[in-house]
Amino acid sequence: MKFAPPHRLALWLPAATTFFINGAMYGAWATQVPLAKARLGVDDAGFGRFLLFMGLGAISAMAASGKLIQVVGAARLIAVGFALFLASLLGLVLLSAPMPFAAALFLFGASGGMMDVAMNAFAAETEARIGRPVMSSIHGMWSIGGLVSAGLGSALFLILPGPGQAIAIGAVLLVSFLVIWPRIAAAKAPATQVHGKTWHVAPFIWAVAVLAFFCFSAEGSVRDWSSIYLGSALAAPLGKAAWGYAAYSACMGGGRFAGDWIRHHAPEGWIVLACGVLAAAGFALAASTTSYPVAIAGFALVGIGLSNIVPIFVSVAGRSAKPAAGIAIVVTLGYAGYLVSPPALGALAASTSLSIMFLAVGGVALIAAFCFLLLSFRRE
């Protein structure tokens, strides 16, 4: 069924806003990473081990989120996830003792993962109700949220201490969520609920989920390590260390808003391969320069490259024989890569350098994109 544009916008807005808020939370965290690392007094490898708690929290929550959606509904799970997400962010900017900080990271990952699964289920049903591809633009709002939050956080460093700017951003996001909540709550409960044996899906979906793991890992590397790389290896000022993540988020958002149109005009396999090539080129540019403005440009290119890979993976899962289970698997393994990979990347950076780490991540993203193209040929 086709809706008039105003009706489509009314359906699109609640799902898009949840993605914006979730992305803004991660953007707020990105501006805090160098300060948190300094408070803890650890090196790259040590900080990577702390980030493992974030991954453990995410995986734990995601494993249960499919069933929780059936019990409380996606809308309520989004609300619970956001409340815990906000509380844990405040803990991350205030705590300096190792164990409480690790606990806050665990809660940050768990609440973010819970919110991610719920809002992707909500977005999949939104796309089905609208009757045309909108997943890329909905995901694009996540990137815009990261851009706005990281940019605002960098600007607020000039007038507020680190914790103060994070609290200010959190307050704005809370008000935004309260404003949009009536529309989220009024939407129909997603039909993409998980019934039966969640993990019994086609091997093709499992393969896509594994590729999502590696592509999300590439996204996570920019979130957790770009500001450290710009600030330490390339001597960027503190107020500009988060510009790499901001540029990445801006270009990813732009790419995703164009993605729905692109998917109408090119095969998905070739789109993913082109995205992988651009991402690898961006990582190579950022890793090979000694100028932080050039590195920021490299991260911007990474944003363009990675912009439409994940939305395509989620849409492919949504068209499978078991769409609910497929989405749950792709999102869970994907975000597991997003949150679990930083410790491994930290170890690689400690044994080599952050430049080598980014080169390796770019190579993995390119290989994953090529593998999806081969899978698409085989499926056809």
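**View 1. Lining of the second largest cavity, by residue class.** The lining of the second largest cavity in this predicted model has four nonpolar, one polar and two charged residues. Ala, Val, Leu, Ile, Met, Phe, Trp, Tyr, Cys and Pro count as nonpolar; Asp, Glu, Lys and Arg count as charged; the others, Gly among them, count as polar. The lining residues are His139, Trp142, Phe216, Glu219, Arg256, Val310 and Tyr335. Helix H5 (135-156) and helix H7 (203-233) are the elements that give two or more residues to this lining. The volume of this cavity is about 50 Å³. A search of the whole structure finds three cavities of 30 Å³ or more. A cavity is a set of points, on a 1 Å grid over the protein atoms alone, where a 1.4 Å probe fits but cannot get out; lining residues have an atom within 4 Å of a point. Points are joined across faces, edges and corners, and the volume is the space filled by probe spheres set on them.

View 2. Helix H8 covers residues 243-263, 21 residues in total. Helices are DSSP runs of H or I with at least four residues, numbered from the N terminus. H8 reaches 29 Å from its first C-alpha to its last, close to the expected 30 Å. The expected span is 1.5 Å times one less than the number of residues. H8 bends by about 30° at Phe257. The bend is the angle between axes fitted to the seven residues ending at a residue and the seven starting there.

View 3. Ser136 lies in helix H5. Ser136 is buried, at 0% relative accessible area. Buried means under 20%, exposed over 50%, and partly exposed in between (1.4 Å probe, protein chains only). Ser136 and Gly253 are 117 residues apart in sequence, but 9.0 Å apart in space, C-alpha to C-alpha. Helix H11 (residues 309-318) has nine of its 10 residues buried, so it is largely enclosed by the rest of the structure. Among the buried residues of H11 are Val310, Pro311 and Phe313.

**View 4. Cysteines without disulfides.** The structure holds zero disulfides. A disulfide here is a pair of cysteine sulfur atoms within 2.5 Å. The closest cysteine sulfur to that of Cys251 is in Cys275, 13 Å away, too far for a bond. Cys251 is partly exposed, at 23% relative accessible area. For Cys275, the closest cysteine sulfur is in Cys215, 9.4 Å away, also too far. Cys275 is buried, at 7% relative accessibility.

**Notes.** Residues are numbered from 1 along each chain as its sequence is written, and side-chain values use heavy atoms, with hydrogens and water left out. In this predicted model, local features need pLDDT of at least 70, side-chain atom pairs count only at pLDDT 80 or more, and totals for chains, interfaces and linings use all residues.

Conventions: On a 1 Å grid over the protein atoms alone, a cavity is a set of points where a 1.4 Å probe fits but cannot get out, and a pocket is an open set with protein on both sides within 12 Å along at least five of seven lines; lining residues have an atom within 4 Å of a point.
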